[in-house]
Amino acid sequence: MDDRTCDVLVIGGGPAGSTVSSMLAEKGHKVVLLEKAHHPRFHIGESLLPANLPLFEKMGIADEIKAIGMHKPGAEFVSPHHDWKQTFHFADAWDKSMPHAYQVKRAEFDEILIRNATRKGVDVHEGCKVTAVDFKNDEASTVHAQYEDGREAEWHPRFVVDASGRDTFLANRFKIKQRNPKHNSSAVYGHFSHAKRNEGSAEGNITIFWFEHGWFWFIPMTNDTTSVGMVTWPYYMKTRGQRSLQQFMMDNIAQTPELAARLGEATLINKVEATGNFSYVSQSNHGKNHLLLGDAYAFIDPVFSSGVWLAMHSGVIGAETIDTCLRRPAQARAALKEFDRVMRHGPKAFSWFIYRVTNPIMRDFFMEPSNIFRFKEALLSVLAGDVFGKTPIWRAVFFFKAMYYAANVLQPRRAFQAWQRRRANIRAVEDPSLYNA
């Protein structure tokens, strides 16, 4: 058994773990990153936000991401109750300096991030799974891990970072993970070739298709690969019956005419998979010397493609927090308090819209956007991920919300029916077999 020490040990080599690791290494800390899989590996969450781009520049990986990315100038919304599609262009956001994003194959994207961490001096171990973390007096003392060949190792870090994604390693250990009481969804997804895309500069736009039981994503990527996913309510997954996941997904695509037309000549090129319990949150995101980053802390619905950006930004603020805690212990309490504030702010900024995006009144707002009081520019800034900086969008967002509530008051029957339906939709369904192929 090996025995090692380090300043920081990071669990997980996804966007959050690779980001926090590389930034801590740049600050001079001895960092170990343990990743249970080997890169490249498949992952969903292929749509990035414009807010990611300045961070790529800061990390020195902008050219690498550009080389693998599909240019994404905006997002489209298609409603079965409207005769047109609505396109939002990031160039029209409040801050005009981030006019586009990318869509990426996560296997390629995540590998770029973790190899960058290695170049920055992070001690990366792939195929090494953390099995336990022993804390004494709220201090990280021992991290136990096992390699694929059965070798065991122990590290004694000063700080532990959980960036294990949906494995939620520490949240499960501490029993602080809970289903999000305000939202609940499942996803079924696959990759297609020969899907029909928009022409010209709009080719890379992500498209959101609403349907009766949720929504679909349509994400064009490089090399004629398009990611398509159905996000729906867990109760609706029970209607699958004896159908395979692939057949269930294709049947629902067939009932969404606009999407079916895009996939009329397409070919499925991988196995359809599914995930449940899609929305959750942990009761806390830090301790005296441990942090929970990205999906290891919380995950919300992916409709606005916020996952990678929230994960990487948590890595940025996490690195700053840990550096303060290790170098200036007297300021640790304040740093952790600020970390908690920022971590809660990100999901909160997106969640208000996410919880209402399938509401017919909100759908009308998206399909017929107004820029009165700069509503549309502020909404676009949220869609672009510009929720952490100094862009003065929040007054306009406040008035947008006020207009939405006013519309509900003016349409009481429609609003009440939507509320009743949503309450039924988000009810918990505990049946893991629903997500088996």
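This is a predicted model: local features need pLDDT of at least 70, side-chain atom pairs count only at pLDDT 80 or more; totals for chains, interfaces and linings use all residues.
Reader: How many residues does α4 have, and how far does α4 reach?
Author: Helix α4 covers residues 106-119, so 14 residues. From first C-alpha to last, α4 reaches 20 Å, close to the 20 Å expected at 1.5 Å a residue. The expected span is 1.5 Å times one less than the number of residues. Helices (H or I, at least four residues) and strands (E, at least two) are DSSP runs, numbered from the N terminus.

Reader: Which residues of α4 are buried?
Author: R106, F109, D110, I112, L113, I114, N116 and A117. Buried means under 20% relative accessible area, exposed over 50%, partly exposed in between (1.4 Å probe, protein chains only).

Reader: What covers them?
Author: The cover includes α1 (15-26), β2 (31-35), α2 (52-59), α3 (62-68), β7 (123-126) and α9 (307-327).

Reader: At what angle do α1 and α4 cross?
Author: Roughly 20°, with the axes coming within 8 Å. That makes α1 roughly parallel to α4. Angles under 35 degrees count as roughly parallel, over 145 as roughly antiparallel, 65 to 115 as roughly perpendicular and the rest as oblique. Axes are lines fitted to C-alpha atoms, for helices over the stretch in contact, and angles run from 0 to 180 degrees between N-to-C directions.

Reader: Which residues meet there?
Author: P15, S18, S21 and S22 in α1 meet R106, F109, D110, L113, I114, N116 and A117 in α4. Contact means heavy atoms within 4.5 Å.

Reader: Now α11 and α13. What's their crossing angle?
Author: Roughly 130°, for α11 (residues 360-367) and α13 (residues 394-410), with axes that come within 10 Å. The two helices are therefore oblique to each other.

Reader: And which residues touch?
Author: From α11, I361, M362 and F365. They meet F400, M403, Y404, A407 and N408 in α13.

Reader: New topic. Where is T168, and what's its phi?
Author: T168 lies in the loop between β10 (152-162) and α5 (169-174). Its phi is positive, near 40°. Most residues other than glycine have a negative phi.

Reader: Is T168 buried or exposed?
Author: T168 is buried, at 0% relative accessibility.

Reader: What about R374, buried or partly exposed?
Author: R374 is partly exposed, with a relative accessible area of 34%. R374 has a positive phi too, near 65°.

Note on methods. Residues are numbered from 1 along each chain as its sequence is written. Side-chain values use heavy atoms; hydrogens and water are left out.
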